[in-house]
Amino acid sequence: MTTTGQPPETVTPGPALLEVRDLKKYFPVTKGLLLSRTTGYLKAVDGISFRVERGKTLGIVGESGCGKSTTAKLLLMLEEPTEGSILFEGEDIHQANSAQRKEYRSSVQAVFQDPWSSLNPRMRVKDLVGEPMVINWDVPHRQVEERMQKLLNDVGLSSYHANLYPHEFSGGQRQRLAIARGLSLNPKMIVLDEPVSALDVSIRAQIMNLLKDLQQEYGVSYLLIAHHLATVRYMCDWVAVMYLGQIVEYADVKELYNNPLHPYTKALMSAALPSHPDIEQDEIILTGEVPSPLNPPSGCRFHTRCPFAMDRCSVEVPETREIAPGHTTSCHLY
Amino acid sequence: MTLANSPNEVVLEVENLCTYFSTRWGTVKAVDGVSFELRRGETLGIVGESGCGKSVTMLSLMRLIPSPPGEIVNGRIMLEGQDLLQLSENEMSKVRGSQIALIIQDPMTSLNPVFSIGSQVNEAIRIHQDIPKRSILEHTLEVLRKVNIPAAESRVKDYPHQLSGGMRQRVVGAIGISCEPSVLIADEPTTSLDVTIQAQYLKLLKDLQQQSNLALIFITHDFGVVAKMCDRVAVMYAGKVVETGGVRDIFNNPSHPYTEALLASVPKLEEDVERLYAIEGQPPALHDLPPGCSFADRCPYVMERCREEYPAAFQVSESHQAACWRLA
């Protein structure tokens with residue numbers, strides 16, 4: 001696809017920790033019960049490329065239905081891609097043998113949005129946090145116990161919490177547990193799917209700071225999926241803006257927030273809420289809603305809602321261009 | 001008619017509202033001495049975290065507190081000159097929906113899935129207004145057009161599941177304004193919406209407010225919504241209003257440590273923040289509040305006096321009050 005974002009040049013030498021090339025995931029849409037036939041494809045992710053550097057955070061922003069969560073599932077190998085490749089430390093994970101795949105799975109962990117449903121209510125904290133180590137590592141029980149205690153301390157909980165059940169914790173503490181569990185295998189990357197949006201305002205800052213501190217300490221990379229632009233600005237080094245399964249703009253965080261190029265990015269920024277009543281925002285209020293990915297608009301997928309749409313936008317798919325070093329966007333305006 | 005009244009008149013005055021719940025752990029003082037007033041055409045934001053009592057305040061205003069276990073034990077709610085707490089249940093149902101209306105957070109659960117949206121929107125009209133049957137449809141369409149539902153004529157027979165989330169929230173808004181209330185309470189109306197849809201909805205509410213000089217109460221945990229929408233703000237913590245003031249008073253000169261901390265803990269869209277301020281600990285349990293200031297345990301400026309006595313509200317400026325001993 002021409003709309004594929006070229007990964008920007010990076011500062012760190014050598015292969016990125018994770019590199020995604022032209023990744024696609026189409027879900028078949030079927031009709032009929034017994035003799036079902038495929039009538040079309042839902043293009044949830046349609047040709048995206050990006051890279052995640054060691055110890056850095058990449059943010060993926062977009063509205064619901066833009067394919068952010070499918071991207072996360074593809075990276076976690078919970079879904080098989082239709083096309084494209086995921087390179088982890090230079091190796092294509094879908095070409096790898098089962099031992100390598102197992103290793104990949106333990107190197108890439110996840111923390112989900114809702115700590116009420118992502119922790120098994122029947123397991124004690126020590127089992128929740130220790131389970132990944134028991135399954136993946138052949139180490140004596142005492143070592144698991146020790147590491148579990150250290151992890152609990154690292155995420156700001158105490159050793160006495162080890163015997164409790166998840167319902168005995170508040171939302172923020174549960175998210176800390178989920179993070180401890182995510183860290184237990186010493187992963188190289190954690191996929192954070194809206195990690196703070198279910199939490200209270202004063203707790204969000206605690207969790208965001210904790211995630212930043214842990215990144216420093218463990219050197220782990222994050223892939224942060226979020227819709228709240230201010231959160232992304234605080235947490236991320238690089239940002240990819242997604243719309244209907246494609247990356248429309250990709251830049252480092254400073255560049256993107258100071259100089260947004262794509263009309264969709266601009267509209268998102270102007271729709272985001274200001275941090276002070278005196279801040280004047282551009283009034284780009286998008287009309288309508290995100291079109292169905294079952295039948296995406298022709299040409300540029302954003303042209304149905306774009307305030308700057310021209311004739312060629314509905315016909316021609318815009319190419320991805322590098323406007324400034326490391327800042328790419330797909331729009332006919334540039 | 002309400003329009004004949006002066007534009008800045010106080011339409012809602014809440015005085016020392018106390019709503020308690022009896023539970024097996026003791027009495028939970030969910031709302032404890034809340035006072036504020038609201039003028040026509042004004043937007044008041046009630047800000048706080050979950051469990052601070054903002055939703056119970058709203059339910060008390062509508063007299064929808066489930067009783068038992070809840071009870072409004074004290075206070076006055078003066079809506080256009082009548083005390084809602086003195087009304088009988090029958091009289092209250094006449095007020096509810098017609099003079100004071102509510103938009104609830106989650107449009108998935110606040111709409112009834114087995115009725116068409118048209119019948120849900122005109123339910124309030126049928127109950128409260130004496131208009132002939134044949135003009136009800138006309139009236140319903142007018143309300144749906146007001147909230148920018150495209151092709152209202154064909155949408156009116158749709159059921160909630162046929163609409164998107166943003167559309168559903170508009171329908172809930174349409175129900176709220178269907179009888180042209182003087183006070184509209186919006187309880188986190190945009191938290192379940194996407195950013196661009198949220199922007200559309202907030203703009204819609206502003207337009208509606210300007211058209212009919214509506215008094216709006218916005219219940220939210222998001223200071224961004226406050227910055228965008230509100231004229232005045234009341235910050236709640238553990239069942240009490242800890243600070244009130246004009247929206248600029250609050251943002252430029254937050255005088256209660258809780259407000260200050262909350263503002264410092266939110267990442268900013270417009271600038272880089274090196275490190276967010278994180279408020280330590282958790283909000284206290286409402287059935288077992290400490291005798292002094294409920295924020296004392298999390299407050300960076302805590303003094304001895306804070307733990308002994310609840311601070312009175314001190315005047316910071318003419319329009320700005322905060323309950324903190326540092327201002328004494």
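Reply: Contact here means heavy atoms within 4.5 Å. Please keep in mind that this is a predicted model.

Me: How many residues does the contact take from chain B and from chain A?

Reply: Chain B contributes 44 residues to the contact, and chain A contributes 43 residues.

Me: What area do chain B and chain A bury between them?

Reply: The two chains bury about 3,900 Å² between them, and 54% of this lies on carbon and sulfur atoms. On the side of chain B, the residues that lose the most area to chain A are B:Val195, B:Thr196 and B:Leu269. Together these three account for 17% of what that side buries.

Me: Changing topic: what is the strand order of the open sheet in chain A?

Reply: The sheet has four strands in the order 2-1-4-5, with antiparallel pairing.

Me: Which are the edge strands?

Reply: They are strand 2 (37-52) and strand 5 (91-92) of chain A, each of which pairs on one side only.

Me: And over how many bridges do strand 1 and strand 2 of chain A pair?

Reply: Strand 1 (residues 18-31) and strand 2 of chain A are joined over twelve bridges in the antiparallel sense. As one example of pairing with strand 2 of chain A, A:Phe27 has A:Leu42 as its bridge partner.

Me: Which helix packs on that sheet?

Reply: Helix 1 (residues 68-75) of chain A does, touching strand 1, strand 2 and strand 4 (83-88) of chain A. The direction of helix 1 makes about 75° with that of strand 2 of chain A.

Me: Now the other helices. At what angle do helix 3 and helix 4 of chain A cross?

Reply: The axes of helix 3 (residues 125-136) and helix 4 (residues 141-154) of chain A cross at roughly 120° and come within 9 Å. The two helices of chain A are therefore oblique to each other, and the crossing is right-handed.

Me: Which residues make the contact?

Reply: Helix 3 of chain A supplies residues including A:Val129 and A:Met133, while helix 4 of chain A supplies residues including A:Met148 and A:Leu151. The residues of this contact divide into eight nonpolar, one polar and two charged.

Me: What about helix 4 and helix 6 of chain A: how do their axes cross?

Reply: The axes of helix 4 and helix 6 (residues 201-218) of chain A come within 11 Å and cross at roughly 130°. Helix 4 of chain A is therefore oblique to helix 6 of chain A. Among the residues in contact are A:Arg147 and A:Asp154 of helix 4 and A:Leu210 and A:Glu217 of helix 6 of chain A. This contact has four nonpolar, no polar and four charged residues.

How values were computed. Residues are numbered from 1 along each chain as its sequence is written. Chains are lettered from A and ligands numbered from 1 in the order in which they are written. This is a predicted model: local features need pLDDT of at least 70, side-chain atom pairs count only at pLDDT 80 or more; totals for chains, interfaces and linings use all residues. Side-chain values use heavy atoms; hydrogens and water are left out. Two strands pair if DSSP finds at least two bridges between them. Axes are lines fitted to C-alpha atoms, for helices over the stretch in contact, and angles run from 0 to 180 degrees between N-to-C directions. Angles under 35 degrees count as roughly parallel, over 145 as roughly antiparallel, 65 to 115 as roughly perpendicular and the rest as oblique. A crossing is left-handed if the near helix is turned anticlockwise from the far one by less than a right angle, and right-handed if clockwise. Ala, Val, Leu, Ile, Met, Phe, Trp, Tyr, Cys and Pro count as nonpolar, Asp, Glu, Lys and Arg as charged, and the others, Gly among them, as polar. Buried area is the accessible area (1.4 Å probe) that two parts lose on being put together, summed over both.
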